[in-house]
Amino acid sequence: MSTIVVGAGPYGLSVAAHLHQGGVEVRVLGRPLEFWEGMPEGMFLKSTWSASSLSDPGGSWSLDRFAAEVGDRPEPIPLSFFTAYCRWFQERAVPELDGGRLSCLRGRAGRFTLELTDGRRLETERVVMAIGIARFKVLPAFASGLPPHLASHSADLVRPADFRDRRVAVVGAGQSALEWAALLHEAGARVELLTRRPVVWVDRRLYRLHPLLRSLFYARSDVGPAGLSRLADLPGVVRRLPRPWRSALLRRCVRPAGADWLRPRVVGIVPITAGVEVRAATPEGSELELELSDGGRRRVDHLILATGYRPDLARLEFVDPDLRGAVASQDGLPVLDRHYQSSVAGLHFVGALAEGSCGPICRFVAGAAAAARQVAAAARPGHPPMLVGPDPYPAGAVRD
């Protein structure tokens with residue numbers, strides 16, 4: 001029986017490449033790079049060059065090789081360049097994709113049934129959930145029920161040029177909020193950034209050291225600040241840390257911050273009001289009236305909520321409740337063994353849903369390599385799905 005990978009983003013493609021070259025029959029469901037190709041025009045990757053390759057066992061289809069073939073090596077990396085690279089990778093490492101969409105996943109350990117929206121039913125002994133973050137958007141309570149022509153999550157918009165000459169407020173202090181603010185200003189919008197705390201910029205002074213010295217502080221995956229980057233690069237070690245330590249590492253490494261190359265496009269250019277929250281947002285005809293925590297008010301044509309993502313098993317509505325309830329979890333995230341396998345043998349989670357066990361690297365493209373290697377090791381021909389090693393499901397893990 002084949003292994004089915006649900007999702008065709010960087011994690012899904014990397015896992016499939018390792019499975020395919022390991023002799024495993026693999027089927028990949030989903031449209032390639034659907035989330036990435038829906039991101040705003042003119043956006044760049046926050047991650048560095050060394051942290052932006054997809055993974056195949058021999059490293060044959062790296063970002064370096066793609067750059068050599070096309071004769072270009074831009075840094076920071078434009079989103080369009082990265083998606084072109086991912087398509088190039090897919091055509092070579094995972095040439096056959098099944099564009100079907102999953103509507104329901106049922107089953108038990110080692111035996112799963114997948115129902116697709118086109119009416120097909122597939123059976124397999126192993127499923128890898130590589131579904132990305134799109135379904136985990138966070139919206140604050142005050143935004144509930146606001147019409148889409150007045151308020152949007154940052155992931156739901158593509159064209160900054162659509163806001164030319166319009167008043168736009170952006171809520172958030174992370175890379176998405178800061179880059180949206182820059183893109184909107186450059187497109188001719190009248191934009192203001194509203195943040196709960198002062199904007200933090202990634203400090204890259206140590207990164208400019210000689211490469212040998214730099215490697216003492218930063219892993220190639222480039223996740224987290226100096227020093228912690230080395231730990232975050234080791235998901236197998238992170239998984240063994242006490243739960244409070246893992247949580248603290250995750251908070252520190254994924255805290256809202258802007259890339260240093262973006263700073264000149266924002267500081268002194270885009271108005272920033274820090275230390276405030278939006279308490280209420282009231283539609284007033286074609287405008288939106290914002291009430292701020294400092295007593296101030298804003299009247300805008302559109303509100304962009306760059307309020308991030310929060311992975312949560314409960315939001316996998318396509319997973320049968322009985323199966324979802326059999327997955328041991330903590331804080332809404334599956335508890336995983338070293339092969340990214342849940343308490344249901346044969347059901348793996350990679351990407352953001354793995355961050356509770358394997359740490360902050362799972363939020364970034366760089367984490368795909370470790371996940372792909374571990375899933376492929378568990379799926380080797382002749383190795384039926386089973387839980388490996390000591391029981392990874394500690395006291396406090398729940399089955400809903």
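# Close-up views of a predicted model

**Figure 1. Asp331 in the loop between strand 15 and strand 16.** Asp331 belongs to the loop that runs between strand 15 and strand 16 (333-334). In this predicted model, the phi of Asp331 is near 55°, a positive value in a residue that is not glycine. Most residues other than glycine have a negative phi. The relative accessibility of Asp331 is 60%, so the residue counts as exposed.

Figure 2. Leu33 is placed in the loop between strand 2 and helix 2. With a relative accessibility of 1%, Leu33 counts as buried. Most peptide bonds are trans. Pro76 is situated in the loop between helix 2 and helix 3.

**Figure 3. The buried and exposed sides of helix 8.** Helix 8 spans residues 243-253, and Arg246, Leu249, Leu250 and Cys253 in this helix are buried. Seen down the axis of helix 8, the buried residues fall within an arc of 100°, so they line one face of the helix. Pro244 and Arg251, on the other side of helix 8, are exposed. The buried residues of helix 8 pack against helix 6 (228-232), helix 7 (235-238), strand 15 (329-330) and helix 10 (355-358).

Figure 4. Arg265 occupies the loop between helix 8 and strand 10 (272-274). Its relative accessible area is 19%, and Arg265 is buried. The C-alpha atoms of Arg265 and Ala182 are separated by 5.9 Å, while the two residues are 83 residues apart along the chain. Leaving aside residues up to four places away in sequence, Arg265 touches Phe44, Ala182, Leu183, Glu186 and Val270.

**Figure 5. Strand 4 between two antiparallel partners.** Strand 4 covers residues 111-116; five of its six residues are buried, so the strand is largely enclosed by the rest of the structure. Strand 3 (residues 102-108) runs antiparallel to strand 4, and six bridges join the two. Cys104 has Glu115 in strand 4 as its bridge partner. These two strands, strand 3 and strand 4, form a hairpin with two residues between them, and Gly110 in the turn has a positive phi of about 75°. Strand 4 is also joined to strand 5 (residues 121-124) by four bridges, and this pair too runs antiparallel. Here Phe112 stands opposite Thr124 in strand 5. Strand 4 and strand 5 form a hairpin with four residues between them, and Gly119 in its turn has a positive phi of about 95°.

Figure 6. The whole structure contains 11 aromatic pairs. In one of them, Phe35 and Tyr309 are arranged edge-to-face, at 6.3 Å centre to centre and with 80° between the planes. Phe35 lies in the loop between strand 2 (26-29) and helix 2 (63-70), and Tyr309 in the loop between strand 14 (302-305) and helix 9 (321-326), so the pair ties together parts that are 274 residues apart in sequence. Phe35 counts as partly exposed, at 27% relative accessibility. The rings of Phe82 and Tyr85 have centres 6.3 Å apart and planes at 50°, so this pair is tilted. Both residues lie in helix 3 (residues 79-93), three residues apart, about one turn of the helix. Phe82 and Tyr85 are both buried. One aromatic cluster is formed by Trp36, Trp49, Trp61, Phe66, Phe81, Phe82, Tyr85, Trp88 and Phe89.

**Figure 7. The surroundings of Ser55.** Ser55 lies in the loop between strand 2 and helix 2. At 8% relative accessibility, Ser55 counts as buried. The side chains of Ser55 and His18 are joined by a polar contact of 2.8 Å. Apart from residues up to four places away in sequence, Ser55 touches Ser14, Ala17, His18, Phe89 and Ala369.

Figure 8. The largest nonpolar core has 79 residues, and Leu105, Tyr340 and Leu347 have the most contacts inside it. Helix 3 gives the most to this core, with eight residues. A second, separate core has 19 residues, including Leu178, Leu184, Trp201 and Ile304.

Terms used:
Residues numbered from 1 in each chain as written. Predicted model: local features only at pLDDT ≥ 70, side-chain atom pairs only at ≥ 80, totals over all residues. Heavy atoms only, no water. Buried < 20%, exposed > 50% of the residue type's maximum accessible area, 1.4 Å probe, protein only. Arc of directions from axis to C-beta. Contact = heavy atoms within 4.5 Å. Phe/Tyr/Trp six-rings, centres within 6.5 Å; stacked < 30°, edge-to-face > 60°. Polar contact = N/O pair within 3.5 Å; in protein donor to acceptor, adjacent residues only side chain to side chain. Core = buried A, V, L, I, M, F, W, Y, C linked by side-chain atoms within 4.5 Å. Pairing = 2+ DSSP bridges.
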